[in-house]
Structure formats: structure tokens, C-alpha cells
Amino acid sequence: MLDIAIVGGGLCGLALAQRLTARRADFGLFEARDRLGGRILSRRCPVTAIDFDLGPAWVWPDQPAINELCRSLDLHLEPQKDDGSVVVLSEADGRPKRLEHERLHLGAQRIAGGTGELTAALAQRIPAERIHLSHALVALTDRGEHVELVFQTGRTEIVATARRVVLAMPPRLVEEHVLFAPQLSPDLMHAMLATPTWMAATAKAVMTYGERPELRERSGAGNAFVTHEQATLAEIFDASAADGRLALGGFLALSAKLRRAFRKGLPLLVANQFAQVFGAGFEDGELAVQDWAEEARTCASQDVLEPLARDLSHRADPRLSAALWDGRVLLGGSETAADHAGYLEGALIAASRLEGQLQARAETGHYR
């Protein structure tokens, strides 16, 4: 029997596992995917060798936890290119206009090599035998002194037991995919269902160009907004390598339903949108599109039923940080953070809260 089972190998689960490793705690880390990182997903273009992020990409100065973690892991932060200029395309058949604007990214920085470097650095500090990939949690049963966990691994079910369980997963995924016995309270289930999963219904595209100085000059800071109703990309930003090799990223304006309907033609639509905003030649690059709505381990059914939101709360419902089943189960993940919910910083804030709750339980038998 494990002392602690962490379910979810995103940043929250990994950060907690690293801390438990340092304390020589008895734990196992279970992840439904065949990789670690969750929504953290970095790729390298095979042609230009540019590293880019298809999930979260930015770290801000007012986020002390993620900045400190990057320093402790010797990860280098690079400033996001942002000179205050922005291109706006407001009409489908119109011409883009370049405007001077206050800086858009508020001092954002990117992790050199992509945020996947963060996942890799944390994983190196966790004993490999404690990590279990391709383990999808389907059921939890309270057995009084411990909790029974049932995982789906391919066509096989595996049963594990632990004295304490941390669900480092988006609350909506827990609500949708995990069967609890006894059932959680309707009040808590409502709070979980009412908490949107960050990035779940979004899609991100990155076009890499490599050594293209003529395009580099024309792209400027790479910032753009497309505001007309036929837009394919809503927002565009610079995703270039530190040495200046050009790449542009963008968030798709199309809903998950439309993206699915236009799946075959979507690469062409995205490429043409880059060219419409910045000019001829920008359709000619290596394109990668990540549709998070197609990821069952990220996107819950409720997430795709709602319109794409740009104003989600950064503070979690307090009910999501309460200890369950007399303290044997805790909810985690970035969406449960008291501040910066949904961001990398929020995942670390949640991990710190979980560590404190686990430590308090071990020392006093009660949660703070």
C-alpha cells in the first residue's frame, strides 16, 4: 500500500512529487497519458529545429513560484518579443493596419527550449519507479483506513491502494471520469462542474519559418488581432527562437465544433490567415496545430458546450481545496489554486497547498 497516490502528471502533480521525493515520502505518481506534462506540450520543428509550445508558454514577473522554480532547475527565461506594435485586421476583405499600442504581454518571458524543459527537469528529480504512465483513474472507493483506486490501462484494470490520494487533475475531468463510492456531495460536484478547464476548448497553431530575414523584418513584433467574424486566428504572437529564427503562434478563433467540421482544410485556413495578416510568404512554413478539445485527458464534455471565454476567474472556488473522506482525498490542479488559477503559477500554488495539507495530516492527524 502506498502512503500517497498522486493522480495527474501535469505541473501540479510533478511539483508535488518532486517535493515528496525530497522528503523521502512513499508515493506513486499516476498519469493517464503516455507522457508527463498534461497541457504542457513542447515540440521541435523537424525542418527548422525551432522549439515551440503548443500549450502554456509564458511566465510573468508577478508569478514568484514559477520564476523561483525555473531558477532552481537552472532553466533560462527569454523575454517575449513585444515592442508595443500590433497589427489589426478588422474586415475579412480589408487590409491589416499596424498600430502602436501599449505592450501587450506585460513583461512575459518564455522558457528556453519550451515549457517541456520544465516537465523534463522535474521528472529527472523523481525516481522512475514511482511514475506510472497510461494509468487512467476510473474509480475511487473509501475503505475507511485507506482508499482503493481503479485504473484503466489499455484493456486492463489495475487496482491500487493508498492511505491518501491527491487528484491533481482539472475538476471537470474528475467529475466526468471518476466514480466515487460513496458519492461526493452534490454541492462539491456542482463546484467541480462549474469550474472551466483552462485551454480545454482552445486550439493553438505555430508556423515556423527558420532563417527568413525578409519575413522577420515584415513581421515586426509578431503581434496581431483578427476581429472580423470570419477569422481563423483570433490572436497572433511571436514564437521565434532566441537566435532570431522566425516562428509565429496563434490561438484559433473557431469553436471546437467548427474546427472539427473544417479539420481537413484547417491547415490551409490557418496558413492563409498568417499571410493575410503579414503578407505573401507567411503561408509558406512548417505548421503545427494542437486542438485541445480533441484531448479527452484535457477537455471535459462541459468545456466544449461553452463559448470560448477570455475572462475566466483566476481564483478557485474554495470548496475545491477542502479535504474529502476524512482527509483521505485532496483535489489539486491549477484550477484549484487560490490565485493565478489556470496558469503555471496556479499549478505550483496548488502544489504548495497540497504539500502543506499532507504534511499537517502526517504531523497532527488533521488538515489545516
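A salt bridge is a side-chain nitrogen of Lys or Arg within 4 Å of a carboxyl oxygen of Asp or Glu. The exercises below use this cut-off on a predicted model.

**Exercise 1.** Decide why D326 and R328 count as a salt bridge.

*Solution.*
- Step 1: Take the N to O distance of the two side chains, 3.8 Å.
- Step 2: Compare it with the cut-off. The distance must be within 4 Å, so the pair of D326 and R328 counts.
- Step 3: Look at the surroundings. D326 is exposed, at 56% relative accessible area. R328 is buried, at 12%.

**Exercise 2.** Find which parts of the chain are tied together by R259 and D291.

*Solution.*
- Step 1: Check the contact. The side chains of R259 and D291 form a salt bridge, 2.8 Å from N to O.
- Step 2: Place the residues. R259 belongs to helix α7 (residues 256–261), and D291 to strand β19 (residues 286–291).
- Step 3: Conclude. The pair ties together parts that are 32 residues apart in sequence.
- Step 4: Apply the burial limit, under 20%. R259 has 2% relative accessibility, so this residue is buried. D291 has 15%, so this one is buried too.

**Exercise 3.** Describe the salt bridge of E355 and R19, and name the network they belong to.

*Solution.*
- Step 1: The closest N and O atoms of E355 and R19 are 3.1 Å apart.
- Step 2: E355 sits in helix α10 (residues 344–364), R19 in helix α1 (residues 11–22). The two are 336 residues apart.
- Step 3: E355 is buried at 18%, while R19 is partly exposed at 23%.
- Step 4: Salt bridges link R19, R23 and E355 in a network.

Notes. Residues numbered from 1 in each chain as written. Predicted model: local features only at pLDDT ≥ 70, side-chain atom pairs only at ≥ 80, totals over all residues. Heavy atoms only, no water. Helix = DSSP H or I, 4+ residues; strand = E, 2+ residues; numbered from the N terminus. Buried < 20%, exposed > 50% of the residue type's maximum accessible area, 1.4 Å probe, protein only.
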